[in-house]
Amino acid sequence: MRILIAEDDKETAGFVERGLGELGHNVVVARDGEDALHLGLTEQFDLLVLDRMMPGLDGLSVLKRLRTADITTPALMLTALGRIEDRVAGLDAGADDYLVKPFAFSELAARVHALGRRSAPQAVATRLNTPSLEMDLLAREVRRDGALVLLQPKEFRLLEELMRHAGEFVTRTMLLERVWDFHFDPQTKIVETHISRLRTKLNEGGLPDLIETERGVGYRIRAA
Amino acid sequence: MKTLVNSAAYRIAFASSLAFALATLLIGIAVFYAAHVAFARQMDANIEQASSAITAELYDEGMRGVMDAVRGRESGGPDALGYAVFASTGKRVAGALDTPMPPLGWHDIVFRDPREGPDRARARTVGLPGGYRLTVAADKESLEQIDATILTIFGIAFIVVLCIGVAGALILGAYLRRRLARIETTAGAIAGGDLSRRMIVGPHDDEFDRVAASLNAMLDRIVGLIANLRQVTSDLAHDLRTPLMRLRNRLEALHEPAPDDQWAVRIDDAVDNADDVLRLFDAILRISELEEGSLRRNFGPVDLETLVTDIAESHEPLAEDAGKRLSVRIDAPARVEGDRELLAQALINLIENALRHTPEGSAIVIGIGHEGGRPAVYVADTGPGIPADQRDRVVQRFVRLETSRSTPGHGLGLSLVSAIAAAHRARLALRDRAPGLEAVIFFPEETL
């Protein structure tokens, strides 16, 4: 993916550039808002990572202008302010996701991947499939190797998120946001417990495990 | 009546008016005796004067002179004195004073008043030549009347003083209580957590106003210190987050080509430790944000029933894994003005607490009810509860009841709940369910 990073803090910019570069992405770094706006308007990117607070033009203004210019590239807003009020402002400005600084690199990487997929035109899926799992979003049915698996609503939503990002890691924080609509860390083991239930139900009868856990990163369902 | 006895203001007021009434009583008694003695002396002087005047006749005209003087005095018009001359046999030979012959000297006697019957009198009897005796007496009625008048006047005066005293005491006591009650009410509200309240300072610059002003100065100082403490805590948390996260990211980067499994596990443990501290910092910053109180701008209607059901559903598996039962009880649906996520955080913290501090097999109930017209959400358990004297303390930051601090948790859970409640103008109450603990968040009425 070709990713534009607008970040005035050299250390953060360097660390993100290096990290995403190691994952095989083509990273362009803008040091201030004007630079970012110019690059965003003139070049093609798959993803924008914008720092909210920058000297001159801030991240919110850059994004608003890009959106006004009909540039729909997915945008991830980085904010040093973890405050509830700021989250609302960032999403209002047209950001697709936001991340509070300081962040764990694995969290950024997972979100970058999730957003990058979104840039590809997506038909509204009604079915999600992996080789051994079929998910019917309309009938709300899950089949493993053809056999029906009964899931609780939250377990279903959890599986849906993993299936939508099959092959990629989905972090605990992303699951909290998307399944529970919690934009904070409730400091409780609900994700872990629900994953464990889901895993038990999917693997019933001693089938091989489909959900991979990476400590400190997140969960992944195998695409193939 | 109990408040009258218990109130120092009333006690002081009553004591001073009682002292005043006692002083009046003492003055009354003194005046009474002084007047009584003065009048009695006057009476004795009159008797002595008359007696001497009559005996003086003896030297000029003998017994005849005495008799004439007695008759003369008796016929001389209404005289307050009575006279009698007795022969040595005891027979009255002159004078209208109808009484048996008294002994010599001063005596109180009883004589027969022609109009009123037997009556008391003060009498002086002197011996005359030939065994005769002269008795001069004064009716005591006038003295008794004067005594009665003085007593009546002072009795009425005493009652009036007593009434004025009681009324004064009630008014003074009520005034003192009213002034003190204002200070007490404000102090109570401040002790209850509302540090923004201040004592009302009146315009008179009297003792109460000065006490109120010094209390306010003290409160300003306390608020300043608390604000400073909070600022330091949140600055510390804020400033340490970035280097800590950097450390965490470096550790995570080491993970990629991990030399062996044991190495990888150690790195993961270190990352977990860093995450724990970061979560603690997040909680501190969240509490600071809540305490600033600017969040209300983003508040909207929250359906408590949906929220409670959702949270209970998400936490049932956790309870089950811990060998406990979590159930929902909706007594009355309620909507409140607030932030769904903050309220969720509060309820999750309460459930986590209940799960952490109850033995296996306990039942935990999360529910909605109404109490005194206020919507309330509660989390109740059947665990060991919290001793009454510790319940205020556990809400404070970093307070954990087990001093060993061996179980996980950083002691911010209940302070966060309390701060969330306060941001919703709601109140967190911890109550004994005997057995167990009930944590209730009472919302204000108007949010219904």
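## Exercises on a two-chain model

In this predicted model, the rule finds 7 salt bridges across the interface of chain A and chain B. Let's work through that interface, then look inside chain B.

**Exercise 1.** Find out which side chains meet in a salt bridge at 3.6 Å, N to O.

*Solution.* Start with the pair itself: Arg197(A) and Glu320(B) have side chains that meet at 3.6 Å, N to O. The cut-off is 4 Å between a Lys or Arg side-chain nitrogen and an Asp or Glu carboxyl oxygen, so this pair counts as a salt bridge. Next, widen the view to polar contacts: there are 13 residue pairs between chain A and chain B, both at pLDDT 80 or more.

Now ask which elements of chain A take part. The most comes from α8(A), with 4 residues. By class, this side of chain A has 15 nonpolar, 7 polar and 13 charged residues.

**Exercise 2.** Describe the extent of the contact between the two chains.

*Solution.* First count residues: 35 come from chain A and 41 from chain B. Then take the area: the two chains bury about 3200 Å² between them, with 43% of it on carbon and sulfur atoms.

**Exercise 3.** Work out how α2 and α3 of chain B are oriented to each other.

*Solution.* Take the axes of α2(B) (residues 8-75) and α3(B) (residues 141-191): they come within 8 Å and cross at roughly 170°. Angles over 145 degrees count as roughly antiparallel, so α2(B) is roughly antiparallel to α3(B). Finally, sort the residues of their contact: 28 are nonpolar, 7 polar and 2 charged.

How values were computed. Residues numbered from 1 in each chain as written. Chains lettered and ligands numbered in written order. Predicted model: local features only at pLDDT ≥ 70, side-chain atom pairs only at ≥ 80, totals over all residues. Heavy atoms only, no water. Contact = heavy atoms within 4.5 Å. Buried area = accessible area lost by both parts, 1.4 Å probe. Polar contact = N/O pair within 3.5 Å; in protein donor to acceptor, adjacent residues only side chain to side chain. Helix = DSSP H or I, 4+ residues; strand = E, 2+ residues; numbered from the N terminus. Nonpolar A, V, L, I, M, F, W, Y, C, P; charged D, E, K, R; others polar. Axes fitted to C-alpha atoms, helices over the stretch in contact; angles between N-to-C directions. Parallel < 35°, antiparallel > 145°, perpendicular 65-115°, else oblique.
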